[in-house]
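Let's take a walk through a protein model together. Have the sequence and the 3D view open, and turn the model as you read.

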2 protein chains.
Amino acid sequence: MGNIGTVTLVGAGPGDPELLTLKAARLIGSADVVVYDRLVAAEILAMIPPEAERVNVGKSTHHHPVPQEEINEILVRYAQAGRNVVRLKGGDPFIFGRGCEETARLAEAGVPFAVVPGITAAQGASASTGVPLTHRGLARSVRYITGHCKADEMLDLDWAGLADPETTLVFYMGKATIRLIATQLMAHGLEGSTPVMAVASATTAQEQRLDSRLDRIEGDLARSDLESPVIFIVGAVAGLSGRTSAGCLCT
Amino acid sequence: MGNIGTVTLVGAGPGDPELLTLKAARLIGSADVVVYDRLVAAEILAMIPPEAERVNVGKSTHHHPVPQEEINEILVRYAQAGRNVVRLKGGDPFIFGRGCEETARLAEAGVPFAVVPGITAAQGASASTGVPLTHRGLARSVRYITGHCKADEMLDLDWAGLADPETTLVFYMGKATIRLIATQLMAHGLEGSTPVMAVASATTAQEQRLDSRLDRIEGDLARSDLESPVIFIVGAVAGLSGRTSAGCLCT
């Protein structure tokens with residue numbers, strides 16, 4: 001075996017290719033191999049050098065994503081063959097990105113690795129709609145939660161802890177479970193009038209936005225044409241959207 | 001009055017100038033005026049065009065920061081004079097950045113604005129130390145909290161809601177209040193052995209890191225030479241640091 005390569009987990013950001021970091025752009029432009037997911041924009045993939053190898057793990061030959069354990073082995077194999085690998089993931093590798101499952105396997109195999117953070121969907125939706133994640137007097141804390149659960153399981157969260165009117169809640173992957181989320185948050189003390197903003201494809205040309213409230217979000221969402229992935233921002237800050245978007249300029 | 005300018009609130013990221021987004025770099029490079037804070041790196045300020053005006057609001061003539069209300073008026077004034085303004089802030093403008101106080105004033109004054117998100121300190125510290133913010137089986141949620149409070153007030157948080165062993169807690173500006181934070185979290189049910197990682201100047205050449213646990217962090221921090229700003233990552237994920245950093249490569 002010759003020299004071992006390195007693997008860098010790189011966050012590709014929320015959708016807008018310009019929200020990539022300078023470091024991510026540099027590493028993509030000098031990679032030997034790029035292993036990427038379904039949610040990475042075409043404009044970002046266009047930055048991969050023509051001579052570099054591209055590995056799409058968002059879809060296998062049977063149109064299913066490659067299992068996580070197999071992705072881990074792909075990364076180890078390329079690095080052991082001496083290649084410098086960029087592992088490109090939507091959002092931030094360490095926020096609902098399963099990044100640590102990959103770095104743990106790399107550490108175990110003795111492969112040097114690094115991680116480059118990316119703008120996560122909550123930040124993208126917040127910036128593009130003008131809704132802040134924290135705000136003096138309204139939200140002293142912000143919390144990101146996954147609304148995803150296995151098909152045969154009930155979403156089991158710390159509802160009492162979540163129902164804090166001074167914390168902004170951002171639910172990722174919550175489209176299928178929004179009814180339960182809204183019901184439980186109200187059962188644990190949040191007002192039905194608590195503002196909820198749903199955002200699909202944040203920061204892209206396809207961005208869609210829905211302003212609602214906890215006691216109406218299920219019906220409003222069902223009547224909307226928002227497509228997955230959707231994130232939900234729950235809390236008083238979501239009610240600022242009308243005010244601040246008055247002067248909003250999309251860049 | 002001629003044409004009105006625009007104001008773009010831009011996140012400068014956690015410290016490493018390469019963690020700026022491509023969009024932020026483009027906007028800084030074409031600004032007429034850049035209004036910036038104390039925590040923005042010199043390498044980022046060097047990207048401002050020589051002909052652009054620079055306004056440092058991190059320090060006034062009396063070595064105190066310019067009050068928020070005055071910053072709001074500075075932004076309105078430059079925009080009304082037809083200048084395109086970049087308002088450059090450490091981290092992300094909408095996460096503990098008081099960004100919405102500025103956008104609300106701009107909206108009120110009829111000044112068009114936009115917001116560009118930035119990598120926040122929690123993400124920078126997470127990536128550079130290899131400690132994930134979420135991880136299957138350990139942390140299904142991550143929460144950012146400010147540990148800052150006025151000198152004459154007690155930090156009054158939703159301690160019972162915070163003390164969830166399945167949520168990663170990241171405290172910003174908590175160096176002065178870490179004793180209270182640790183005591184209250186333990187009083188509300190978190191184990192004394194809960195891992196805590198403190199990181200100062202994350203993602204810069206001056207980065208310092210301290211691995212501790214809830215029942216020891218106060219003493220460990222007092223004996224350390226960590227300089228502000230320090231952020232604290234509390235939760236089971238902080239205990240992964242030893243394992244994952246084995247193969248860590250700093251880029």
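## Ground rules

This is a predicted model, where local features need pLDDT of at least 70, side-chain atom pairs count only at pLDDT 80 or more, and totals for chains, interfaces and linings use all residues. Residues are numbered from 1 along each chain as its sequence is written, chains are lettered from A and ligands numbered from 1 in the order in which they are written, and side-chain values use heavy atoms, with hydrogens and water left out.

## The sheet in chain B

Start with chain B, which has an open sheet of 5 parallel strands in the order 3-2-4-1-5. (Strands are DSSP runs of E with at least two residues, helices are runs of H or I with at least four, and both are numbered from the N terminus; two strands pair if DSSP finds at least two bridges between them.) Strand 3 (53-56) and strand 5 (113-116) of chain B sit at the edges with a single partner strand each, so one side of each has no neighbour in the sheet. On average, neighbouring strands here are turned by 20° against each other, direction ignored.

Now look at who pairs with whom. Strand 2 (residues 33-36) of chain B runs parallel to strand 3 of chain B, with 4 bridges, and Val33(B) stands opposite Glu53(B) in strand 3. Strand 2 of chain B is also joined to strand 4 of chain B by 4 bridges, again in parallel, with Val34(B) opposite Val86(B). Strand 1 and strand 4 of chain B run parallel too, joined by 5 bridges, and there Val10(B) faces Leu88(B).

## A strand wrapped up inside

How many residues of strand 4 of chain B are buried? The count is 5 of the 5, so this strand is largely enclosed by the rest of the structure. (Buried means under 20% relative accessible area, exposed over 50%, and partly exposed in between, with a 1.4 Å probe and protein chains only.)

In a regular strand the side chains alternate between the two faces of the sheet.

## Helices and their cover

Helix 7 (residues 178-187) of chain B has the buried residues Ile178(B), Leu180(B), Ile181(B), Ala182(B) and Leu185(B). Their cover includes helix 6 (159-162), strand 7 (167-172), helix 8 (217-223) and strand 10 (230-234) of chain B. After helix 7 of chain B comes Gly189(B), which has a positive phi near 120°.

Over in chain A, helix 1 (residues 22-29) buries Lys23(A), Ala24(A), Ala25(A), Leu27(A) and Ile28(A). Which elements cover them? The cover includes strand 1 (7-11), helix 2 (42-45), strand 4 (85-89) and strand 5 (113-116) of chain A, together with helix 1 of chain B.

In chain A the bond from Ser228(A) to Pro229(A) is cis, with omega near -5°, and Pro229(A) is in the loop between helix 8 (217-223) and strand 10 (230-234) of chain A. In chain B, a cis bond joins Ser228(B) and Pro229(B), with omega about -5°; Pro229(B) is in the loop between helix 8 and strand 10 of chain B.

Next, find Met173(A): its phi is positive, about 55°, although it is not a glycine. Met173(A) lies in the loop between strand 7 (167-172) and helix 7 (178-187) of chain A, and is partly exposed, with a relative accessible area of 42%. Met173(B) has a positive phi near 55° and is partly exposed at 43%.

## Two domains in chain A

Chain A is divided into domain 1 (7-116) and domain 2 (121-244), with bounds that come from an automatic or database domain assignment. Their C-alpha centres lie 28 Å apart. Across the boundary, 6 residues of domain 1 of chain A are in contact with 10 residues of domain 2 of chain A (contact means heavy atoms within 4.5 Å).

Definitions and conventions:
Axes fitted to C-alpha atoms, helices over the stretch in contact; angles between N-to-C directions.
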